[in-house]
Amino acid sequence: MTDTERVIEATRSFLDDHPDSDTVLQELLALDAETGSWTFGDAPVDSGRFGELVSRNIVVKTDDGEYRLADPDAVAAGLHGESIPAETDTEPSGLPSVSLPSVDRRLITGILGVVFLVVATRSLYIRQVYQGERIVSPENDPYFYRYWQETMLEQSSGVTDLSMLATIGEQTSVRPFTHTVNWWVAEALGGSTGAAETVAAWQPIVATLVLIGVLYALIHALTADHRIALASILLLALSPVHVNYTALGFIEHRPFQYLFIGVLAASLALLAVDFERRLVDSEPHTAALAHLMAPRSWGLAAALAIAVFASAHVYGGSPLTFIPVAVYVGLRVVVDVRRAVSPLLANGPLLAGLVAGGILALGAHLRWDWHESIAGVTPMLVAGGAIVVVLLGTLWQRLDMPAKALFGVELVVAVGGLVLFRELRPEDVARFRDRADDLFFRDSATETVSLFSVDQLIIFGPLTQLGISFYLAIVPLGIATWYAFRRYEPGWLAVVSFAWFYLVLATIQVRFAAQFALFSALFGGMGLVYFLGSVDLARKPALFDRTETLAGRPLKLPETPTIGGYLVAVLAVVLLFNLIFVPTMLGQTQYSDDQFEAAMTIEEHASTVENHTEEFVLNEWGQNRMYNYFVSGESRSYGYAQSNHLDFISDSDADDWKDEFSGQVGYVALNDRETTDGSVHTHLFDEFGAGEQASAHYQLLFSTAEVRAFVVVEGAQLETTGEPNETVTATKEVEAAGETFTYERSAEANEDGEVSIRVAYPGTYDVDGELIEVSETAVYDGEGVSG
């Protein structure tokens with residue numbers, strides 16, 4: 001479509017929405033023909049219609065701040081139902097040239113720059129992730145998702161195998177949406193191991209790129225300022241905690257969770273903005289009807305339904321996601337009534353989206369056994385509650401009762417509904433409590449501390465997690481909240497409802513800081529542009545100015561190279577903390593070369609030694625899934641490691657654990673750490689299991705200054721004789737994993753002079769001058785060997 005055709009189509013669409021505006025367009029055509037450019041004050045149109053003309057690119061802003069029609073001939077053609085023949089230019093060759101639509105190159109450059117930053121910051125440790133032909137995901141939990149992805153690929157017959165939806169529900173229980181997408185995309189890419197690893201590597205970054213597109217649309221709709229939208233997605237691109245959880249290889253539920261939180265907030269806010277714009281120059285009833293009839297409204301309702309469905313099944317704590325939705329609906333009805341707007345008409349698409357999403361969420365649970373019942377019930381509760389509150393508000397508005405009292409009645413209705421739900425579904429209430437305990441009261445993860453931890457002097461927690469955006473966002477968030485409650489700003493009301501909710505959660509536990517990062521970046525972008533304007537490096541944004549917001553602002557370059565240089569320098573200083581903490585936080589989640597090589601060494605041993613069947617690796621629980629994923633593929637749980645590893649390394653005798661390990665633990669991997677003398681960790685890591693009395697069941701397999709790994713063996717029995725009650729010693733110089741050490745084991749002869757010494761290494765032993773050869777088979781099978 002050419003620019004001319006686009007203006008004709010926009011003009012016709014504008015007239016379809018506003019049939020009484022033909023006179024306005026005729027007068028604008030006359031004004032444009034007479035003056036060439038003009039100010040908003042010269043235009044024979046109110047701010048609401050004028051804002052729509054600008055947003056549809058029928059009217060554009062000139063470099064000197066005035067306005068003109070984008071294409072007067074096209075506007076006239078659209079007004080009179082005509083068409084304009086496409087103009088063709090002739091090249092020297094005589095062939096017609098193709099006219100491409102014009103684009104704002106500065107804006108495209110800025111967006112592409114942010115896209116590059118999103119990918120670059122999240123790929124800083126690409127060498128650690130791409131280890132030869134293997135993808136080494138950071139952290140521990142991604143290997144849980146990789147396990148299920150590969151399990152589903154093994155069971156699937158292709159991308160059209162819909163029976164997998166029930167299989168995923170039956171086998172995975174929670175997070176079925178995440179597992180479904182991970183499986184299906186890998187299947188669509190060919191279903192091979194390489195396809196699965198490609199998805200594992202790039203799923204977080206692709207989801208984040210979609211998210212910044214959603215946020216950009218949301219922010220520009222709210223502010224009509226491309227600079228704020230660019231600044232906001234720039235801050236999100238450099239938000240340390242968000243980068244950490246959406247980094248290359250971090251395949252998890254979180255990237256999808258963040259994406260659909262963004263879609264939820266954006267769809268609610270954009271529905272509100274659409275109605276608000278129609279309300280500027282229309283009566284509430286007329287604006288509501290136009291909002292109901294607009295295809296855009298129902299497109300946004302469909303996006304809302306998808307976001308509700310996906311959010312319900314994307315992770316274990318999904319019911320939390322719908323609390324800000326419920327809060328927003330309750331507040332929205334109150335401000336609608338205060339503005340003399342019928343809540344039912346103004347929120348029709350919103351209700352439709354919530355109901356449709358709730359039906360899809362509950363249907364997936366009932367049909368495919370996705371997630372727990374609370375995941376399907378919660379969206380329906382919110383949708384049902386929204387219908388009740390909207391109907392109540394509509395009645396309230398018709399009776400012309402005070403809006404303030406309505407809020408108190410809503411609280412009573414909400415409490416009554418929860419009490420009724422507890423009576424009707426006590427098992428679901430019990431599950432809500434269990435999930436709350438799991439989310440808020442577990443003490444085994446560092447994510448459970450507050451964002452404002454005293455250990456970080458309160459003020460440094462937000463800085464390390466969110467970067468400078470938190471401090472840039474505080475004032476704009478407060479102002480937006482004030483405007484949302486003092487004026488009729490339902491779009492901002494939606495956003496601040498989500499922002500405050502996730503700020504409260506992050507205050508309780510820092511695990512929610514990444515969710516808040518979306519809104520910290522949004523309001524931080526506002527603060528950053530305003531700051532730049534206050535030091536004369538940018539035009540000050542016209543925040544919450546209805547005329548300016550509706551009309552919009554073009555993206556302009558700095559007036560001089562000097563100002564441009566100052567702008568870049570100030571941005572670099574402002575973003576300095578982000579640039580420091582992003583690589584630092586990311587580096588803490590990556591596996592070192594030594595750790596990966598240890599896992600590969602264990603994997604090679606497990607696949608080549610036939611008479612050693614136990615493959616489970618016991619190590620720190622926070623790294624347990626990685627080792628077991630590469631060694632055996634079994635990375636569903638780290639429960640055994642979490643329950644036993646610390647007790648094992650803190651004990652004083654490693655051999656005492658052999659019976660505990662029997663039939664399960666085949667390997668032990670240890671990291672360098674501070675421990676007490678005499679502990680198992682000191683004995684194995686520092687002394688290689690040798691020392692004064694060597695271990696009988698641990699054979700060194702891999703060794704560096706950072707990591708040491710052992711294979712757990714039965715140990716061969718050296719059968720020999722000596723004097724009754726005499727201590728007999730077997731000695732061997734061991735060369736293993738690049739280390740050389742003396743291995744000694746002793747035992748006392750019985751009354752008959754018989755002695756049995758268990759040893760962990762094959763080779764030749766000196767048993768008090770007698771040489772005994774021990775085979776590898778004897779070591780693994782626990783066979784006796786006589787001298």
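Trainee: Which backbone oxygen does the side chain of Asn-347 reach?
Mentor: The side chain of Asn-347 comes to 2.9 Å from the backbone oxygen of Pro-343. Please keep in mind that this is a predicted model.

Trainee: Which side chain makes a polar contact with that of Asn-347?
Mentor: That of Asp-336 does, and the polar contact between the two side chains is 2.8 Å. Setting aside residues up to four places away in sequence, Asn-347 touches Arg-332 and Asp-336.

Trainee: Where is Asn-347 found?
Mentor: Asn-347 is in the loop between α17 (343-346) and α18 (348-368).

Trainee: Is Asn-347 buried or exposed?
Mentor: Asn-347 counts as buried because its relative accessible area is 4%, and the cut-off for buried is under 20%.

Trainee: Let us turn to helices. Where does Val-582 lie?
Mentor: Val-582 lies in helix α28, which covers residues 576-589. With a relative accessibility of 3%, Val-582 is buried.

Trainee: What is Val-582 in contact with, apart from its neighbours within four places in sequence?
Mentor: Its contacts are Thr-121, Leu-124, Leu-238, Ser-239, Pro-240 and Val-243. Take Thr-121 from that list: Val-582 and Thr-121 are 461 residues apart in sequence, yet their C-alpha atoms are 7.5 Å apart in space.

Trainee: What about the contacts of the chain in general? How many join residues at least 24 apart?
Mentor: Counting contacts between residues at least 6 apart in sequence, 72% join residues at least 24 apart.

Trainee: Another helix, please. Where is the place of Glu-197?
Mentor: Glu-197 belongs to helix α10, residues 193-223.

Trainee: Is Glu-197 buried or exposed?
Mentor: Glu-197 is buried, at a relative accessible area of 11%. Apart from neighbours within four places in sequence, Glu-197 has contacts with Glu-133, Arg-134, Ile-135 and Arg-146.

Trainee: On to the strands. How many bridges join β10 to β11?
Mentor: There are 10 bridges between β10 (residues 727-736) and β11 (residues 739-748), and the two strands run antiparallel. In this pairing Ala-736 is opposite Glu-739 of β11.

Trainee: Which residue of that hairpin takes a positive phi?
Mentor: Ala-737 does, with phi near 55°; the hairpin of β10 and β11 has two residues between the strands.

Trainee: Which way do β10 and β13 run, parallel or antiparallel?
Mentor: β10 and β13 (residues 763-767) run antiparallel and are joined by two bridges. Ala-730 stands opposite Val-767 in β13, while Thr-731 is opposite Asp-766 in β13.

Trainee: How many bridges join β13 to β14?
Mentor: Five bridges join β13 to β14 (residues 770-774), and these strands are antiparallel. Gly-763 has Val-774 of β14 as its bridge partner.

Trainee: What do β13 and β14 form?
Mentor: They form a hairpin with two residues between them, and Asp-768 in the turn has a positive phi of about 50°.

Trainee: Let us look at loops. What is the phi of Asn-57?
Mentor: The phi of Asn-57 is near 60°, a positive value in a residue other than glycine. Asn-57 sits in the loop between α3 (47-55) and β1 (59-61), and is partly exposed, with a relative accessible area of 49%.

Trainee: And what is the phi of Glu-139?
Mentor: Glu-139 has a positive phi near 65°, and this residue is not a glycine either. Its place is in the loop between β4 (134-135) and α7 (142-155). Glu-139 is partly exposed, since its relative accessible area is 29% and partly exposed runs from the buried limit of 20% to the exposed limit of 50%.

Trainee: Finally, the whole chain. How many helices and strands are there?
Mentor: The chain has 34 helices and 15 strands. Its C-alpha trace spans about 120 × 75 × 55 Å along the principal axes, and 53% of its 787 residues count as buried.

Trainee: How many side chains are positive and how many negative?
Mentor: There are 46 positive and 100 negative side chains, with the centres of the two sets 16 Å apart.

Terms used:
Residues numbered from 1 in each chain as written. Predicted model: local features only at pLDDT ≥ 70, side-chain atom pairs only at ≥ 80, totals over all residues. Heavy atoms only, no water. Helix = DSSP H or I, 4+ residues; strand = E, 2+ residues; numbered from the N terminus. Buried < 20%, exposed > 50% of the residue type's maximum accessible area, 1.4 Å probe, protein only. Contact = heavy atoms within 4.5 Å. Lys, Arg positive; Asp, Glu negative; His and termini not counted. Charge placed at Lys NZ, Arg CZ, Asp CG, Glu CD. Polar contact = N/O pair within 3.5 Å; in protein donor to acceptor, adjacent residues only side chain to side chain. Pairing = 2+ DSSP bridges.
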